[in-house]
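Please keep the sequence and the structure in view while reading.

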Amino acid sequence: MIKFTLNGRTVETDAPATARLLDLLRDEFELIGTKEGCGEGECGACSVFVNNLLQNSCLIPIGSIVGADIQTIEGIIETEQFKILDESYSIAGGVQCGYCIPGMIMASAALLSENPHPSEAEIREGISGNLCRCTGYNMIVEAINLAAKKGDGL
Amino acid sequence: MNLKDISTSVPKKDHKGKVSGQLPYISDVKVENMVYGVLYRSPIAYGKIISIQLPNLPEGYEAVGAEHIPGPNYVKIIKEDQPIFANEWVNYIGEPILMLTGKDLDILYSLLNEVKVEFEEHQAIYTLDEAIKQKSVSLVLASYEFGESLENISAIEQGAHQIIEEEYDTGYQEHVYLEPQGMLAVYKDDEIVVQGSMQCLYYIKNALLSALACGDDEVRVVQSPTGGGFGGKEDYPSMMACHVAVAARAVKKSVMLVFDRSEDMLVTTKRHPAKLKYRTALDKEGNILSMCVDIFLDGGANVGLSSVVLQRALLNSAGVYKIPHFHAKGYVLKTNTVPNGAFRGFGAPQSFAGIESHIGHLSKLAKIDPLEYKRKYLVKQGDPTITKGKFRDPILVEDMIEDVLNVSEYKKKKEDFQRLNQQNQRYKKGIGTSLFLHGCGFTGSGERDHIKAKVKLVKSKDDQVSLKISNSDMGQGILTTLCKIVAKELNLPFEDILYPYPDTKEVPDSGPTVASRTTMIVGKLLERAAKKLKNQWQTGVEQEVVEHYVHREMIPWDEKTFTGDAYPAYSWGVNIVEVEVDTLTGNLKLEKVYGNYEVGKVIDERIMKGQIDGGLAQGLAYGYLEKMTSKQGRIQQKSISDYGPPTSLDIVSIESKVFDNPYADGPYGAKGAGELTLIGGAPAVQAAIEDALHTSFQQIPITPEVIIESLWMKEGEEG
C-alpha cells in the first residue's frame, strides 16, 4: 500500500511500486489533465508537481513517492495563479490543439512561483522541457510574460 | 456578433476545456466492456507470409486478422493497395498483420512477443535512389508530365550560353502531433461507433463501409478533440479505424487502439523524401531561357495519397516565378518503407525548398542579389500558370517584399553581416529570403468531382444555431473561426453559435479537413447558409438550411494533360530569416524571423498569428533541425529527442504582418492559410546559411554535420 498526498488529499493505492505515476493518476484517480505525449520524459505533457517541483510523471515509479505531495493540473485550477495563467493564455492565443497545455501550465506555474518576473530568455528556458508542436512557442512565451505582469508575484 | 471587422480576435471556443486539461482526448475515454488492441507488425521489409502461429490466448484475449474482415481487405483511400491486415505479402517493416485484444496491455504486449510468423523474404528496395536506379515501371506508383515540349527546350538549350544542372534532396518530416494517434470502436449490437483523433470523418466512414461491408446506418464516426494533425491524421486514421471496427465486430466488445510515441513514429505516414532535378539554360547575363524539373517522391510501400501529393509538388515546381519554356515531370516510386502521406504543404514544401535553392544558386551565377534576381521572374496578375491556367487576382508580393525589406533592414544587414563575418572567424551571420504561394483547396476539379461539399445549419427553438459540418478542429481554431463567420452573418452573439465535435450521424459530408480548404470552401458555404437562414429567420422556431458546393468554372482542369486552373486561388508569403552559424560545431542559431503573408482576409488575427508562428517553426525546423532516416527499411528515430523537433529555445520571436486582399469566393474574402505558413521556412533558412558561409547546399535538412562537411569541402577546394 502506497500512501501520498494528491491535490491536498491523502490517498493510497494497491498498485505495484513500479507502476508509473502517470498511469496511476489517469487510470486509478481519473485525473485526465495529465497527458501522455511520449512516455520517455521528453515532451512534458505529463508534468506534475512532486513536493512543489516540476516533474515528468511518466518517469516516476510510484514506489518513489511514498509520503510525497503530488499536485496535478486539477489541483491548481482553483488557485489565483491558475486563473491568471488561464486568462493570459487566452489573451495571448497560447492554446491550439491543447494537448501540451496542462503540462505547459504546470511549467508556467513552476516558473512564476520561483521567478515571478522572468525575462524572455528565462521563460524560454523554463518551458524548454515542454514540447508544443502547434504554436512555435512565441504566443506561450507571451502568455507567461503577461501572467507575470498581471500576477506580480502570485 | 457585432465585430466591426471579422479579423478582430475573440476568445477561442475550446479554451477552457483545454487549459484545464478536462477536455477528453480519445486516450482519456473509457467505455464499458472495453478492451485494448495491439498490433503484430511485419518485422521484415518485403516478403510472403508462409504461416502464422498464435500463442495460447488466456480467457478474454483474442486474435483478429484478415479472416475477420467482412468486406474487401484493403483500406479504402484512393487505390486498393493497403491491406487492413496483411495476409499474403508484407511490403514494409511495421505493416499490420493481426491484432490481439484484451483487458490488460502488459499481457497483450507479452503475448505479442510470442506470435510467430514465418516469412519467405524477398529482396526489398529501401531507398529512393535505389528505386530511381532500377528504372522499373513496376515501381512507378504515379507519374505526370507537362509543359513545353522537350524538342523546343532542346533547341533553346543548344543556343544557350550555359546549362546548369542541379540535384536537390529533401528528407522525411515527422508530424510529432503532441497527441499520438488513437481510435476507439464502441461496440453496439446494431452499430459500431468509431471515435478518435482525426481530420477526415467521411474518409474514415467510407473506409469502414467498405471494410465492414455494412449499411450506412450501421457505422458512425465521431471526432474526438484532436491533439494536432498537420496531415498526419488525414489518411492514417482510416487504417486504425478499420482495425478497431473489424476487431469490435469480431470480439463483440469495444476496442481501443492508442499508439505510444515510438509506435507512432515508426509506422505512421511521414512527409515524402524527394529528389528534385533541375536543368536550366541561361544566357550570357545569367537570364533563364528554359527550365526542366524532374521530381521523384519516395511513396513508401503503397500509393496512399502520394499521387495527389505529387500533383501539388509538380504544380509548385516553378515556385512563384514566370519561367520561360518550362517543363516538368514527376514520379512517385515504391520502396519497401513506411508509406508516406499527407503533411502540411502536401508536396509543396519539397518543391519550394528545391526551386528557391535553385533560383538562389542561379542568382549567384548572375552575380545579382538573390531577392533582386527572384523579383525579375515574379508572376504578376494576369500571367499564365505553368499549367496554362491564370493568376486572376491581384498579387501583392511586390508590396510584401518592399515592406519586409524595410522592417528587417535587409540591405543594411547584408552589408553589416559581411563586415562582421570578415572580423569573426568562428561565428558567421547570414540573411536569406524565400518567396512562396499556396494553392487553396483541392487540386483541380477535386472539390467539384470528388468532395461535393454540403453544409447544414440547424436552429433550435431558443434560437441557437449549430454548425453541422464534418470538419475537424485539430488546434487550428475552426471551432472559433467558422462560428465567427456564422455569428457575424446572422448578427447573433458568438456564444449562440454552437459547433459540437462532428458525428457523421448528425453532419453531412462537408469534406475532409485538409488542403487549406476549410475556411475558404466550407467557410464560404457556411456564410451562404447563414445568409439563407437570415432571410427565412423565424424567432422561436426550429429551422434548418443546407448549402451545396458550387464550382466556379474557370479554365477547366484536365488531369491527363495537366492543364487548366489547378486552384481557384492562391495565398502568398515572403520570409526573411537571419542566422548565426558556428563554423566550429556547425550549430545554427536563428536570430530573427520575418514573415509577410496574404491570405485574402484574416478571420481571426490571433488565430492567424498562431498559424504563422506554428507553421514557420515547423518549416524552419524542416530546413535545419528535424532529421529522420530509414536504414534497411527501418525508421531510425523512434523517440522525440532522436528526431529533434524545435523546443522553445530553438525558436525566436517572429515579426509578421498579414496583407488584406479579399477574395470573392471566400467568406469575408478569406483564402487558405494553414499550410502556406510552413512553406517558406526551410528555403529561407537555407538561403541564410548560404549567405553566412558563401557556399551552396543541395539538400535539407542542413544539419550541423552537413554544415561541417561542406566547410571541409570548401576548405579542400580553396586548398
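The model is a predicted one, and its second largest pocket has a volume of about 1,100 Å³. A total of 38 residues line this pocket, and those that lie nearest its centre are R20(A), D23(A), D27(A), Y36(B) and L105(B). The elements that contribute two or more residues to this lining are α1 (21-28) of chain A and, from chain B, β1 (34-41), α2 (105-114) and β12 (254-258). The largest share, five residues, is given by α1(A). By class, the lining of the second largest pocket is divided as follows.

| Class of lining residue | Number in the second largest pocket |
|---|---|
| Nonpolar | 20 residues |
| Polar | four residues |

Turning to the domains, chain A is divided into domain 1, covering 2-74, and domain 2, covering 80-151. Their centres, taken over C-alpha atoms, are separated by 21 Å, and the contact between them involves 15 residues of domain 1 of chain A and 12 residues of domain 2 of chain A. The size of an interface is often expressed as the accessible area that is lost when the parts come together. Here domain 1 and domain 2 of chain A bury about 1,000 Å² between them, with 70% of it on carbon and sulfur atoms. On the side of domain 1 of chain A, the residues that lose the most area to domain 2 of chain A are F49(A), L54(A) and I73(A), which together make up 41% of what that side buries. Across this interface of domain 1 and domain 2 of chain A, zero salt bridges are found by the rule.

Note on methods:
Residues are numbered from 1 along each chain as its sequence is written. Chains are lettered from A and ligands numbered from 1 in the order in which they are written. This is a predicted model: local features need pLDDT of at least 70, side-chain atom pairs count only at pLDDT 80 or more; totals for chains, interfaces and linings use all residues. Side-chain values use heavy atoms; hydrogens and water are left out. On a 1 Å grid over the protein atoms alone, a cavity is a set of points where a 1.4 Å probe fits but cannot get out, and a pocket is an open set with protein on both sides within 12 Å along at least five of seven lines; lining residues have an atom within 4 Å of a point. Grid points are joined across faces, edges and corners, and a volume is the space filled by probe spheres set on the points. Helices (H or I, at least four residues) and strands (E, at least two) are DSSP runs, numbered from the N terminus. Ala, Val, Leu, Ile, Met, Phe, Trp, Tyr, Cys and Pro count as nonpolar, Asp, Glu, Lys and Arg as charged, and the others, Gly among them, as polar. Domain bounds come from an automatic or database domain assignment. Contact means heavy atoms within 4.5 Å. Buried area is the accessible area (1.4 Å probe) that two parts lose on being put together, summed over both. A salt bridge is a side-chain nitrogen of Lys or Arg within 4 Å of a carboxyl oxygen of Asp or Glu.
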